[in-house]
Amino acid sequence: MATETTNGSDDPPVPGPSGPDDPTAPTGGASGEQGSGGSGGMMRSSAIMAVGTLVSRVTGFVKAIVIAAALGTQLLGDAYQTAQTIPFIINDLLIGGLMASVVIPLLVKRRMRDDDGGVKTENRLFTGAVVLLLVVTAAAVLAAEPITALYLGDSDPRQAEVTVYLARFLLAQIFFVGLSGLISGMLNTRNRFGSPVWAPVLNNIVVIAVGGLFLWVAGAGRTVETVTQGELVLLGAGTTAGMAAQLVVLLGSLWRAGFRWRPRLDLRGSGLGEALRSAGWMFLYTLMTQLGLLITANLVNRAGAESVRQGHDVGAGLTAYNFAYTLFQLPYAIIAVSLITVLLPQMSAHATERRWDEVRAGFSRTLRISALVLVPLGLALALYAVPVATLVFARGNTSAADAANIGLVLAVMALGLVPFTVFQLMLRVFYAMGDTRTPALISIANVSVHGALALTAYGVLPPDRVVAGVAAGFMLSFLSGLVIAGTILSRRLGGLDGRHIGGTLLRLHAAAVPSVAAGFGVLWFFTTQVGPGIWTNLGAPVVGCLIGGVLFLLCAWALRVRELSAALDLVRSRLRR
């Protein structure tokens with residue numbers, strides 16, 4: 001699973017229709033593990049965070065490949081993915097969605113205003129979090145069976161049994177994930193950003209080792225019928241150990257930062273109650289996101305089990321959905337998130353000064369620059385989704401047919417990459433304006449669209465294709481969301497530079513037509529002349545993207561896409577330095 005959260009983990013739940021990441025997540029900071037240290041410290045800290053983020057994503061991607069090889073994408077893989085998803089969902093409801101909007105601002109305020117520098121408030125929060133997380137974790141472990149039933153639906157009985165068994169180990173992560181999120185926030189208020197970025201790398205490495213050990217012990221071909229209790233203990237306890245290791249690293253960093261825990265349960269006067277009351281809209285947003293996750297997991301798990309019952313020898317459940325999303329979110333994370341990180345503080349400053357023309361210009365510029373890369377990349381990802389997914393995942397317990405089904409889901413998602421990104425940018429405009437109410441209300445519409453389309457897909461499609469239909473509903477929910485959000489923002493800002501944005505998107509898609517045609521030709525040549533195998537799975541995307549990339553640049557230049565000229569000028573200026 002591959003979305004971003006505020007808890008410091010690289011393993012959030014499956015994506016829901018309200019967005020892949022916490023929309024109020026901190027955008028980083030100017031300081032690193034040793035404090036600000038001036039401009040040199042700022043650059044050093046930024047480099048540490050950038051490298052840590054890259055390493056975390058790379059190891060997270062390797063983790064997905066190893067787990068796919070070890071467990072496959074059929075019922076055993078779905079059982080693990082479902083049990084692994086639930087702790088993060090519960091954490092998001094308790095802490096994740098409130099971290100950036102409530103806890104971090106409260107800690108910053110108390111550190112600045114209290115005579116003791118916020119020490120008592122931190123001890124109260126830490127004590128309260130430990131107690132709450134222990135109680136919730138214990139309750140969740142005891143209630144593992146009814147909780148997992150919500151996400152499994154009418155699944156295979158043995159799959160349900162395996163899921164519950166795994167969940168009794170994996171639900172223990174609620175404590176480690178929640179406390180990791182709080183500690184990360186406490187470190188951020190101390191201008192220490194390195195450990196929250198690097199700690200998930202250790203978690204990924206531990207889970208990679210667990211997946212590799214499982215594959216070595218059990219071998220390829222394990223199913224829910226043949227997996228042993230000892231092998232399930234290895235998976236469950238090993239995965240939880242990875243999250244525990246992450247927490248240990250963060251605790252060590254917090255200790256070095258000077259925090260000494262003195263248990264306090266006197267929450268009165270801490271200011272937390274007032275802060276929580278102001279976070280109601282953020283909680284609604286989080287709640288709607290989790291409802292979307294529940295719809296997704298329940299329907300695709302039902303369809304995956306039915307697919308097996310009907311004799312379709314292909315993974316068509318939650319695992320296929322999650323692994324497709326792992327690949328889908330990479331372009332957004334690499335291209336758009338970096339631009340959003342720069343955009344949000346600037347837009348917030350302009351919104352504070354009520355300079356709506358600057359807010360509008362910043363949104364338009366960021367969208368058009370992102371689209372310059374994401375339009376051709378999304379089309380290329382859709383075109384080569386099956387060979388790429390086969391190249392990445394078809395090994396161990398994941399067959400070529402399983403991987404091809406992941407590719408089908410990825411192709412559907414890739415076609416929605418641009419609307420997905422536009423919607424995320426619009427959310428940032430609302431947050432820059434200090435508005436959490438409107439995104440929360442829009443999320444209700446998103447979930448409604450996603451739920452209706454997902455239920456339709458479940459009712460009309462063959463069970464092995466329902467997962468692709470659910471993915472299509474997920475993407476279309478962003479299209480409806482951006483229409484609603486765009487209409488509201490246009491009224492508030494006096495327009496959204498729609499003519500400029502629309503013209504750029506039209507020219508970019510027109511410039512991509514020859515590239516898509518060439519890409520089809522390259523794929524046809526490799527498929528018919530070279531045949532199935534690694535040379536087609538690797539060669540077709542590489543050759544197709546090289547030819548298509550050149551054609552796209554030439555056509556974009558001929559169509560006078562101004563963003564291309566600006567990007568080329570930036571590259572030339574960098575090379576001259």
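**Exercise 1. The pocket**

Helix 12 gives the lining of the second largest pocket its largest share, 10 residues. The model is predicted: local features need pLDDT of at least 70, side-chain atom pairs pLDDT 80 or more, while totals for chains, interfaces and linings use all residues. Numbering starts from 1 along each chain as its sequence is written, and side-chain values use heavy atoms, without hydrogens or water.

Task: Find which helices each supply at least two residues of this lining, and sort the lining by class.

Solution.
1. Count the lining: 28 residues (each with an atom within 4 Å of a point of the pocket, an open set on a 1 Å grid where a 1.4 Å probe fits, with protein on both sides within 12 Å along at least five of seven lines).
2. Start at the centre. Leu-372, Val-373, Pro-376, Phe-552 and Leu-553 lie nearest to it.
3. Name the helices (DSSP runs of H or I, at least four residues). They are helix 12, helix 18, helix 19 (534-558) and helix 20 (562-576).
4. Sort the lining: 19 residues are nonpolar, five polar and four charged.

**Exercise 2. Two helices**

Task: Describe how helix 12 (residues 356-383) and helix 18 (residues 498-530) pack.

Solution.
1. Take the axes. They come within 9 Å and cross at roughly 20 degrees.
2. Classify the angle. Helix 12 is therefore roughly parallel to helix 18 (under 35 degrees).
3. List the contact (heavy atoms within 4.5 Å). Helix 12 brings Leu-372, Val-375 and Leu-379, among others. Helix 18 brings residues including Leu-508, Ala-512 and Val-516.
4. Sort the contact residues: 14 are nonpolar, five polar and one charged (Asp, Glu, Lys and Arg count as charged; Gly is among the polar ones).

Key:
Axes are lines fitted to C-alpha atoms, for helices over the stretch in contact, and angles run from 0 to 180 degrees between N-to-C directions. Angles under 35 degrees count as roughly parallel, over 145 as roughly antiparallel, 65 to 115 as roughly perpendicular and the rest as oblique.
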